[in-house]
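Let's take a walk through this structure together, one region at a time. Keep the sequence and the 3D view open as you read.

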Amino acid sequence: MTAADAHAARPAMRLDVVSIFPDYLAPLELSLIGKAREDGLLDVRVHDLRDFTHDRHRTVDDTPYGGGAGMVMKPQPWSEALDHVLALDNPSGARPHLVVPGPGGQPFTQALARQLALEPWLAFACGRYEGIDERVYDHAREDLGLEVSVVSLGDYVLNGGEVAVLAMVEAIGRLVPGVIGNAESLVEESHEDGLLEYPIYTKPSSWNGREVPPVLLSGNHGAIAAWRHEQRLARTAARRPDLLHASHAGPHGDLEISAATPGDVPELAVLRRACAANEVVETGALDTPALRESLDDVRAGLETGQTWVARIAGRLVGAVRTTRASGSSGTGDSWVAERLCVAPDLQGGDVGPRLLEHAESTAPDGIRTLVLRTVAPDADELKRYKKAGYRLVDAPSDVPGTITLARRRR
Ligand code: JB8
């Protein structure tokens with residue numbers, strides 16, 4: 001049974017490409033996409049835009065209204081080319097989704113490739129020169145009833161849409177069932193789960209004095225999986241930090257605590273507002289001062305004591321401030337941790353305890369009392385603080401709604 005037979009229930013995905021350089025699309029006859037066409041999985045048709053001109057010079061461009069550099073593609077040949085594409089037999093009964101490559105389009109991503117792979121029919125319009133007369137887009141949408149998407153491969157400029165269409169047809173075509181034999185080879189790849197791929201090796205294990213990482217020869221599949229995951233994280237952090245998200249960070253080891261800087265203020269203000277809102281929900285007390293804290297208040301707050309911020313994979317997930325408080329006669333100064341705040345989705349985890357531990361560790365020598373000022377903790381929180389050695393003290397609280405806990409320093 002061939003791939004086409006196995007997927008016989010699905011009509012071939014129809015792909016029309018219009019270009020003034022149809023030869024540019026010749027590679028679509030090669031490799032996996034070419035094979036998929038032979039197998040009847042993809043129905044690719046390439047059209048020459050100049051076939052829809054009527055002058056001796058087969059003119060497709062003209063000067064721009066309003067002036068400016070370069071030439072603009074005339075609307076009439078495009079209109080006739082689209083009419084021709086639409087008039088061709090279409091067994092699916094659908095209308096094509098018109099995709100126009102352009103540096104000003106929405107980014108082409110794996111997610112968009114997956115969406116477009118579900119369409120029964122795609123038409124690609126390859127622009128050249130400065131691009132296509134804007135009325136062609138309006139005509140396709142409003143008169144022909146087509147969905148029209150301008151799509152960009154990335155933030156760079158090509159000379160025309162053809163190379164972008166080659167890339168898009170390859171990315172979309174390989175997602176059509178049957179085009180790639182092994183479905184697993186589709187999922188375990190970069191951009192399917194948000195991390196870049198781990199490095200790969202094949203025989204020989206020693207080549208030109210370079211060894212394959214020994215863990216890969218160990219036969220220990222757990223160790224191999226862990227090593228590969230570490231490699232993916234390191235690689236993504238180095239090459240594509242924009243892809244990293246807190247969900248990729250493990251529960252331990254990835255929390256970074258550093259002194260707050262003015263650059264942290266906007267995120268810190270958002271975090272503190274989220275914590276304040278949580279307090280309101282829990283205590284019902286709408287007068288929580290933190291709820292009304294402005295950006296300037298948070299910035300000014302950095303001047304008092306020392307604020308520490310905790311980040312996981314770049315995301316601000318917690319903060320705490322330490323100050324020194326003078327003790328009543330004979331008791332000596334105490335080291336106060338206050339405004340402890342943890343992102344709501346991570347509360348109850350180790351971010352709070354790690355921040356508190358850090359705050360305590362910065363207490364100067366000679367200080368014997370560690371103080372924690374906190375908004376009325378729930379029973380679970382109180383239990384955790386007590387386990388850490390803290391006891392409730394009756395101290396006049398300068399911030400309403402907060403209580404004071406203290407412990408002797410070990
Ligand atoms: C004229 O960089 B591109 C791109 C550039 C173009 C045209 C189409 C696409 C047409 N220049 O994605």
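**A guided walk through the model**

S31 is exposed, because its relative accessible area is 62%, and anything over 50% counts as exposed. Its place is in helix α2, which covers residues 31–38. Please keep in mind along the way that this is a predicted model.

In what order do the strands of the open five-stranded sheet run? The order is β2-β1-β6-β5-β7, and the pairing is parallel. At the edges stand β2 (42–48) and β7 (147–152); each has a single partner strand, so one side of each is left without a neighbour in the sheet. On average, neighbouring strands of this sheet are turned by 30° against each other, with direction ignored. Helix α3, residues 75–87, packs on the sheet and touches β1 (13–19), β2, β5 and β6. The direction of α3 makes about 160° with that of β1.

You can look at one of the strand pairings in detail. Strand β5 (residues 97–107) and strand β6 (residues 121–125) run parallel and are joined by three bridges. Within this region, H97 stands opposite L122 in β6.

Next comes the ligand. Which residues are found around it? They are P101, G102 and P103, then G127, R128 and Y129, and finally Y156, V157, L158, N159, G160 and G161. One of these, L158, has a polar backbone atom that is 2.7 Å from an oxygen atom of the ligand. Taken alone, the ligand exposes 310 Å², and the protein buries 94% of that.

Now follow the chain onward to T307, in strand β11 (residues 306–312). Is T307 buried or exposed? Its relative accessibility is 9%, so T307 counts as buried. If you leave aside its neighbours within four places in sequence, T307 is in contact with S258, A259, A260, L268, G301, L302, V320 and R321.

Not counting residues up to four places away in sequence, S334 touches T323, R324, A325, I367, T369 and V371.

R339 has a positive phi of about 55° although it is not a glycine. With 36% relative accessibility, R339 counts as partly exposed. R58 is likewise a non-glycine residue with a positive phi, here about 50°. You will find R58 in the loop between β2 and β3 (61–62), and its relative accessible area of 34% makes it partly exposed.

Which form does the peptide bond from K203 to P204 take, cis or trans? The bond is cis, with omega near 5°. P204 itself lies in the loop between α7 (184–187) and β8 (206–207).

Notes: Residues are numbered from 1 along each chain as its sequence is written. This is a predicted model: local features need pLDDT of at least 70, side-chain atom pairs count only at pLDDT 80 or more; totals for chains, interfaces and linings use all residues. Side-chain values use heavy atoms; hydrogens and water are left out. Two strands pair if DSSP finds at least two bridges between them. Helices (H or I, at least four residues) and strands (E, at least two) are DSSP runs, numbered from the N terminus. Axes are lines fitted to C-alpha atoms, for helices over the stretch in contact, and angles run from 0 to 180 degrees between N-to-C directions. Contact means heavy atoms within 4.5 Å. A residue is near a molecule or strand if one of its heavy atoms lies within 4 Å of it. A polar contact is a pair of N or O atoms within 3.5 Å; within protein, one must be able to donate a hydrogen and the other to accept it, and residues adjacent in sequence count only if both atoms are side-chain atoms. Accessible areas come from the Shrake-Rupley method with a 1.4 Å probe; for residues, only the protein chains shown count as cover. Buried means under 20% relative accessible area, exposed over 50%, partly exposed in between (1.4 Å probe, protein chains only).
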